[in-house]
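Here is a short briefing on one protein model. The points are grouped by topic for use beside the structure.

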Amino acid sequence: MLEELRITGLGVIDDTTLPLTGGMNVITGETGAGKTMVVTGLGLLFGGRADAGRVRAEPGRAVVEGRLRLAGRVADTVHARIVDAGGEPDEDGSLLMSRTVTLEGRSRAHLGGRSMPVSMLGEVGEQVVAVHGQSDQLRLLRPAEQRAALDRFAGPEHEKLLDGLREVYGRWRHVVDDLADRRRNARARNQEADLLRLGLDEITRVDPQPGEDDELKAEAQRLEHAEGLRTAAQVAHQCVAGGVEATDETPDATALLGTARRTLEAQAGTDPALGELAARLEEAATLVGDVSAELSAYLASLDADPARLQTIYERRAALRALTRKYADDVDGVVAWAERARTRLSDLDTSDELLDELDREATRLAGEVADLAGRVSASRQEAAARFADQVTVELAGLAMPHARIEVAVLPRAAGKSEPTLTVNGAEVGVGADGADEVELRLLAHPGAPSLPLQRGASGGELSRVMLAIEVVFAGSGGPPTLVFDEVDAGVGGQAAVEIGRRLARLARSHQVLVVTHLPQVAAFADRHLVVAKDTGGAVTTSGVRVVEDTERARELARMLAGLPDSDLGIAHAEELLAVAAKERRPRA
């Protein structure tokens, strides 16, 4: 859960800290006090888009900090990802997060004691928190979002089936597009292939080898200076070990080292230091002997061969002819040839290849149709369960006669998507299958079954959204849920039922609710009030926890706008008493 949230320099909030609990946290306050900035701060903390226009001019940057304490599989997943990225949780297992946005729009993120990309905050947010506001209700009106909601409810096995469909669909579309492109651009492909073959033929005749130009250059240099190299090697060899032209009286390095070693060894018994020096001279003699052998081998290999030198000149000229056309060096020419061979296979428009691709496209189309049919059957099964569970929740949200239907319909053929035969019918098929999903509401018995966007009022839509979230919460999901005024347009008994449902949700999740409704606020485990301070030159807002008498006064203000009204406070205390009876210990 999110234990603490600190916001600095964001909108009307100068510097405030929200101590949060694991149950239901309610945030209330007058219109314009800054409740929205709390939700905005949460969005920033979990990787949301930064808006420099919300940063206060003084201090010139907005900072949002939070402390997470996670448990179970979510903790294992999040902590492992953060450790991989170079961060680490605190010693007590909690995780510190922060996001900074400047007036210029620059943004920085820190996670687990390390600077991180903002996208990492987003990754953590996907695992930890789900934010629901009025914009989410509007999103739920889109068919694609309704299909995604049903797929999410259907469970992990359905997701695996859907992932398999997407993978096969991608391969099928790639083959189909490739086949169409080869047929459509056959002439241009053949012309390009002819040019590539000419280049490959020329390179194949020369047969360049990687690194060959450097090796030939070095060999040519040796042959061009063979006499000078021979003289230098002979003189060095003579000095080290005596040469063929040296007389018997000519001392060499090997003999001198041997004499020195023996002389020191003769006195080693008198002074051990000379024995150590004698041993080092023996090592030097061995090294000089190795050099002598290598010089001898070098002299034997050195050959001034004019014919070989001419051959090298001709070979280097042939290589230069290739590098002028295809690359800067021989290695580049070899790489060009490899790319050309690969490209030739891509340009192939032979009848044999086209027939093979046609067969592959047909095979993959069959797989796509089969998987789309299985996905459709899985959605049909999930749709019935989803509709039943949401309907049950609506009954508890003061909509006892309402019913939700989830229609899974075949997608009409002939649109922008390809058409296949699925379950015996011609339908349009996309990466997400061959279905259109539509949530429908029957507001009361005898009412027509209408799509949500036509059949639900603002208040009903809020309750449908909450019912769906309660159903989702029962099947897992993020441990922290944020509701930003999703109760707009609701009042009376329906408001009480929304509060009751949110309290029930808080038994297994941390719930943060921004609300104007006292009936909802009464169910909170912790009540936070955002209040304006207009005493200074600049208006600011802060957040404080209210309890006991203060809480009743805040509910009275929400009820009638009269925080000091005895009647309003009595009504507020009655609300609190009703809510206290409903609350149960958290799971």
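Buried means under 20% relative accessible area, exposed means over 50%, and partly exposed lies in between (1.4 Å probe, protein chains only). By that rule, D432 and R147 are both buried. This is a predicted model: local features need pLDDT of at least 70, side-chain atom pairs count only at pLDDT 80 or more, and totals for chains, interfaces and linings use all residues. Residues are numbered from 1 along each chain as its sequence is written, and side-chain values use heavy atoms, with hydrogens and water left out.

**Salt bridges**

- A salt bridge is a side-chain nitrogen of Lys or Arg within 4 Å of a carboxyl oxygen of Asp or Glu. The whole structure holds 39 of them.
- D432 and R147 form one, with their closest N and O atoms 2.7 Å apart. D432 sits in the loop between β11 (425–428) and β12, and R147 sits in helix α5, so the pair ties together parts 285 residues apart in sequence.
- Helices (H or I, at least four residues) and strands (E, at least two) are DSSP runs, numbered from the N terminus.
- R411 bridges to E436, with the closest N and O atoms 3.5 Å apart. R411 is in the loop between β9 and β10 (419–422), while E436 is in strand β12, 25 residues apart.
- R411 is buried at 4% relative accessible area. E436 is partly exposed at 26%.
- A network of salt bridges links R147, R411, E417, D432 and E436.
- R54 and D51 also meet in a salt bridge (3.9 Å, N to O). R54 is partly exposed at 34% relative accessible area, and D51 is partly exposed at 45%.

**The β9-β12-β13 sheet**

- Two strands pair if DSSP finds at least two bridges between them. Three strands form an open sheet in the order β9-β12-β13, with antiparallel pairing.
- The edge strands, β9 (403–410) and β13 (450–451), each pair on one side only.
- β12 (residues 435–442) joins β13 through two bridges. L441 has L450 in β13 as its bridge partner.
- Helix α5 (residues 143–154) packs on this sheet and touches β9 and β12. Contact means heavy atoms within 4.5 Å.
- The direction of α5 makes about 90° with that of β12. Axes are lines fitted to C-alpha atoms, for helices over the stretch in contact, and angles run from 0 to 180 degrees between N-to-C directions.
- Helix α14 (residues 351–395) lies across β9 and β12, at about 165° to β9.

**Strand β5 and its partners**

- Seven of the eight residues in β5 (residues 95–102) are buried.
- β4 (residues 61–68) and β5 run antiparallel, joined by eight bridges. L68 has L95 in β5 as its bridge partner.
- β5 also runs antiparallel to β6 (residues 107–111), with five bridges. S98 stands opposite H110 in β6.
- Four residues separate the strands in the β5 and β6 hairpin, where G105 takes a positive phi near 95°.

**Nonpolar cores**

- A nonpolar core is a set of buried Ala, Val, Leu, Ile, Met, Phe, Trp, Tyr and Cys residues joined through side-chain atoms within 4.5 Å.
- The largest core has 59 residues, of which M24, F386, L394, I404, V406 and L502 touch the most other members. Helix α16 (residues 458–474) gives the largest share, nine residues.
- Another core, of 41 residues, lies apart from it and includes L2, I7, L42 and L45.
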